[in-house]
Amino acid sequence: MDYPKPFMRLKELHKMGLPNEFLFEAYRSKGQTFAQKQNPMKSNSPIIFDTKGFEKWRIERCKAENAGIQRK
């Protein structure tokens, strides 16, 4: 997937067609280093994604899901 900017807000990624649930799952996943709040001191601060790191995580997640599918 191609992203227009190296860093994007959650809302921008959602407008590109990614579901909010998926984006929040990525943000909340343990050990992730690609998503953070712009200002952690504010509860309503926007979440910013490093698109390169996010894409790497997304591909690894897809590979893990496909590996878990039982095939005949």
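A search of the whole structure, which is a predicted model, finds 8 aromatic pairs. In one of these pairs, the ring centres of Phe22 and Trp57 lie 5.5 Å apart and the ring planes meet at 45°, so the pair is classed as tilted. The pair links distant parts of the chain, with Phe22 in helix H2 and Trp57 in helix H3, 35 residues apart. Both Phe22 and Trp57 are buried. Phe22 and Trp57 also belong to one aromatic cluster, together with Tyr3, Phe34, Phe49 and Phe54.

The protein chain contains 3 helices and 3 strands. Along the sequence these elements follow the pattern β-α-α-β-β-α. Taken along the principal axes, the C-alpha atoms of the protein chain fill a box of roughly 50 × 25 × 20 Å. Of the 72 residues of the protein chain, 28% count as buried. Among contacts between residues at least 6 apart in sequence, 45% join residues at least 24 apart.

The 3 strands form an open sheet with the order E1-E3-E2 and antiparallel pairing. Strand E1 (7-9) and strand E2 (35-37) are the edge strands, each pairing on one side only. From one strand to the next, the twist averages 30°. Helix H2 (residues 20-28) packs on this sheet and touches E2 and E3, its direction making about 80° with that of E3. Helix H3 (residues 51-68) also packs on the sheet, where it touches E1 and E3, and the direction of H3 makes about 75° with that of E3.

The strand pairings can be described residue by residue. E1 pairs with strand E3 (residues 47-50) in the antiparallel sense over 3 bridges. Within this pairing, Phe7 has Asp50 of E3 as its bridge partner, and Arg9 has Ile48 of E3. The pairing of E2 with E3 is likewise antiparallel and comprises 3 bridges. Here Ala35 stands opposite Phe49 in E3, and Phe49 is one of the members of the aromatic cluster.

The buried residues of H2 are Phe22, Leu23 and Ala26. Viewed down the axis of H2, these residues fall within an arc of 100°, so they line one face of the helix. An α-helix has 3.6 residues a turn, so residues three or four places apart point the same way. The buried residues of H2 pack against H1, E3 and H3. On the face of H2 turned away from its buried side are the exposed residues Glu21 and Arg28.

H3 has 18 residues and reaches 26 Å from its first C-alpha to its last, close to the 26 Å expected at 1.5 Å a residue. Its buried residues are Thr51, Phe54, Glu55, Trp57 and Arg58. These residues cover an arc of only 160° around the axis, which puts them on the same side of H3. Elements that cover the buried residues of H3 include E1, H2 and E3. The face of H3 turned away from its buried side carries Lys52, Lys56, Lys63, Ala64 and Ala67, which are exposed. The buried set of H3 includes Phe54 and Trp57, both of which are members of the aromatic cluster. Phe22, among the buried residues of H2, is another member of that cluster.

Met16 lies in the loop between helix H1 (10-15) and H2. Residues up to four places away in sequence aside, Met16 touches Met1, Asp2, Tyr3, Pro4 and Met8.

Methods. Residues are numbered from 1 along each chain as its sequence is written. This is a predicted model: local features need pLDDT of at least 70, side-chain atom pairs count only at pLDDT 80 or more; totals for chains, interfaces and linings use all residues. Side-chain values use heavy atoms; hydrogens and water are left out. Two strands pair if DSSP finds at least two bridges between them. Helices (H or I, at least four residues) and strands (E, at least two) are DSSP runs, numbered from the N terminus. Axes are lines fitted to C-alpha atoms, for helices over the stretch in contact, and angles run from 0 to 180 degrees between N-to-C directions. Contact means heavy atoms within 4.5 Å. Rings of Phe, Tyr and Trp (its six-membered ring) pair if their centres lie within 6.5 Å; planes under 30 degrees apart count as stacked, over 60 as edge-to-face and the rest as tilted. Buried means under 20% relative accessible area, exposed over 50%, partly exposed in between (1.4 Å probe, protein chains only). The expected span of a helix is 1.5 Å times one less than its number of residues. The arc is that of the directions from the helix axis to the C-beta atoms.
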